[in-house]
Protein chains: 2
Amino acid sequence: MSGLPDASIACAARLDFRAGKAQPTSGVAPGFTQCNMISLPKDWAWDFLLYAQRNPRPCPVLDVSEPGSHETVLAPGADLRTDLPLYRIWRDGELVEEVADATQAWTEHPDLVSFLIGCSFTFETPMMMAGIGVRHIEQGSNVPMYLTQIACRPAGRLHGNLVVSMRPIPADRVSEAVIISGRTPAVHGAPVHVGAPEALGISDLSRPEFGDAVEIRPGEVPVFWACGVTPQAALMASRPPFAITHAPGHMFITDIPDTRWQV
Amino acid sequence: MSGLPDASIACAARLDFRAGKAQPTSGVAPGFTQCNMISLPKDWAWDFLLYAQRNPRPCPVLDVSEPGSHETVLAPGADLRTDLPLYRIWRDGELVEEVADATQAWTEHPDLVSFLIGCSFTFETPMMMAGIGVRHIEQGSNVPMYLTQIACRPAGRLHGNLVVSMRPIPADRVSEAVIISGRTPAVHGAPVHVGAPEALGISDLSRPEFGDAVEIRPGEVPVFWACGVTPQAALMASRPPFAITHAPGHMFITDIPDTRWQV
């Protein structure tokens with residue numbers, strides 16, 4: 001690549017989603033930071049921001065909107081109500097609906113605070129540029145995500161377990177995958193766990209709680225990164241009255257180049 | 001060094017401060033993370049945590065206490081009311097007192113929330129181990145800190161300018177100082193500014209707003225890191241009714257090894 005990546009591809013993707021297109025975003029607008037989203041009534045915002053501070057690996061907060069605002073500094077002109085490909089609506093900790101447009105849901109709570117959280121898709125581009133294949137992109141599917149038995153540190157009324165994403169990595173490239181992803185701690189950073197899924201409480205890699213299973217080939221090791229779906233596990237465990245989130249793997253695409261997060 | 005550093009030296013330093021000793025902490029308990037502190041009434045906690053999220057370079061939050069608690073996971077058994085060497089008491093944005101024991105001040109607000117924020121002293125140890133001298137430690141003085149003309153991103157009622165710490169670095173070691181400090185983004189990370197103090201609005205390096213001036217020798221460049229005194233500049237600009245902070249350079253010493261923050 002020469003120069004900065006062209007932000008118009010991020011904007012074009014958001015406009016497609018605004019028009020109703022619903023697809024997982026891994027591999028879309030490569031080079032631009034993608035975000036998890038969770039929008040909560042103002043009354044729950046302190047608990048959530050504290051939960052994120054106490055669990056920075058799964059919940060690296062990249063921006064927080066003003067109450068009732070649908071805007072973010074990460075993508076001026078974007079509308080958080082419509083520009084993600086797929087949303088989830090939550091009531092009392094239950095997933096009640098998936099919608100491609102959350103405008104109607106947003107009207108229920110005029111004081112929603114939206115949190116945009118770094119996404120591991122951000123380091124998939126440099127991994128691929130280093131020649132490390134990303135299986136779910138190769139397969140054209142969503143990344144597999146698993147609910148672990150690892151408890152996050154609670155904050156106020158919020159508690160729940162860690163969710164991880166998994167990518168199978170050839171054993172001789174694991175170190176490189178660790179180093180490349182470790183350069184971007186603001187988007188989950190290095191893996192939290194390499195191999196030994198049973199130690200996370202994962203009994204069957206072919207049955208992820210979120211996203212799609214992927215093939216694991218001989219000589220590959222399942223590598224686990226902290227995942228921004230962790231807040232959705234907290235919703236299920238803690239049951240706030242209302243929330244809007246992205247659907248797992250269906251992220252908000254920002255105008256921020258991935259390289260911004262490299263240390 | 002072999003093995004983990006001995007946490008008893010961090011505890012011993014805190015007990016000295018609890019007994020009344022008041023001194024700058026740069027160079028004390030080397031290898032253990034030091035923290036800036038700001039304690040605010042619960043009513044201001046959301047604004048501050050959001051301010052920190054929006055200004056992560058000067059305000060990397062390492063822990064947040066429960067309202068009214070004097071405890072932190074960063075140093076079990078420590079007492080935030082007594083275990084810093086010197087505190088500042090603020091009323092309506094005015095510094096009204098410096099005390100070695102903040103117990104009395106703490107009784108005024110039973111709901112104080114304490115924020116512990118990473119400190120650049122943390123990367124002084126690896127800099128010195130790499131043979132890069134740290135002038136204020138060599139001089140036995142406090143680090144010089146300057147209030148810049150760079151506005152932080154506001155949050156709620158909080159606004160103010162960036163404060164930076166400065167270390168003179170030989171021109172041929174600046175790159176190394178950048179790389180070493182850049183490895184620890186949770187404790188301010190890489191410099192925000194190298195040379196050209198006038199571009200920060202600093203007209204006279206010999207007159208820091210906080211701490212002590214240090215000698216700058218021929219061939220050395222003033223290098224500026226984001227500083228955890230930035231919240232005190234926000235107090236002065238935003239005038240919350242009450243706050244307790246550390247005195248600049250007089251930090252809270254935790255039991256956490258510096259290496260924890262390396263990426």
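Into which domains is chain A divided? Chain A splits into domain 1 (8-120 + 242-261) and domain 2 (123-226), with bounds from an automatic or database domain assignment. This is a predicted model: local features need pLDDT of at least 70, side-chain atom pairs count only at pLDDT 80 or more, and totals for chains, interfaces and linings use all residues. Residues are numbered from 1 along each chain as its sequence is written, chains are lettered from A and ligands numbered from 1 in the order in which they are written, and side-chain values use heavy atoms, with hydrogens and water left out.

**View 1. Domain 1 of chain A against domain 2 of chain A.** The C-alpha centres of the two domains lie 21 Å apart. Domain 1 of chain A brings 28 residues to the contact and domain 2 of chain A brings 30 residues, where contact means heavy atoms within 4.5 Å. About 2400 Å² is buried between these domains, 56% of it on carbon and sulfur atoms. Buried area is the accessible area (1.4 Å probe) that two parts lose on being put together, summed over both. In domain 1 of chain A, the residues that lose the most area to domain 2 of chain A are A:Tyr51, A:Arg57 and A:Ser120, together 30% of what that side buries.

View 2. The rule finds two salt bridges across the interface of domain 1 of chain A and domain 2 of chain A. A salt bridge is a side-chain nitrogen of Lys or Arg within 4 Å of a carboxyl oxygen of Asp or Glu. A:Arg157 and A:Asp47 form a salt bridge through their side chains, at 2.7 Å, N to O. On the domain 1 side, β1 (32-41) and α2 (45-54) of chain A are the elements that give two or more residues. Helices (H or I, at least four residues) and strands (E, at least two) are DSSP runs, numbered from the N terminus. α2(A) gives the most to that side, with five residues.

**View 3. Chain A against chain B.** Each chain puts residues into the contact: 20 from chain A and 20 from chain B. The area buried between chain A and chain B is about 1600 Å², with 58% from carbon and sulfur atoms. In chain A, A:Trp46, A:Leu49 and A:Gln53 lose the most area to chain B, together 39% of what that side buries. Four salt bridges cross the interface of chain A and chain B. B:Arg153 pairs with A:Asp63 in a salt bridge, the closest N and O atoms being 3.2 Å apart. Residue pairs in polar contact between chain A and chain B number 10 (both at pLDDT 80 or more). α2, β2 (61-64) and β5 (112-118) of chain A give two or more residues each to the side that touches chain B. The largest share of that side, six residues, comes from α2(A).

**View 4. Helix α2 of chain B.** Of the 10 residues of helix α2 (residues 45-54) of chain B, 10 are buried, so this helix is largely enclosed by the rest of the structure. Buried means under 20% relative accessible area, exposed over 50%, partly exposed in between (1.4 Å probe, protein chains only). Among the buried residues are B:Trp46, B:Phe48 and B:Tyr51.

**View 5. A:Asp83 with A:Arg18.** The two side chains meet in a salt bridge (2.7 Å, N to O). A:Asp83 sits in the loop between β2 and β3 (87-91) of chain A and A:Arg18 in helix α1 (residues 8-18) of chain A, so the pair ties together parts that are 65 residues apart in sequence. A:Asp83 is buried, at 0% relative accessible area. A:Arg18 is partly exposed, at 38%.

**View 6. B:Arg135 with B:Glu220.** The closest N and O atoms of this salt bridge are 2.6 Å apart. B:Arg135 lies in helix α5 (residues 135-139) of chain B and B:Glu220 in strand β9 of chain B, 85 residues apart. B:Arg135 is buried, with a relative accessible area of 5%. B:Glu220 is buried too, at 14%.

Key. Polar contact = N/O pair within 3.5 Å; in protein donor to acceptor, adjacent residues only side chain to side chain.
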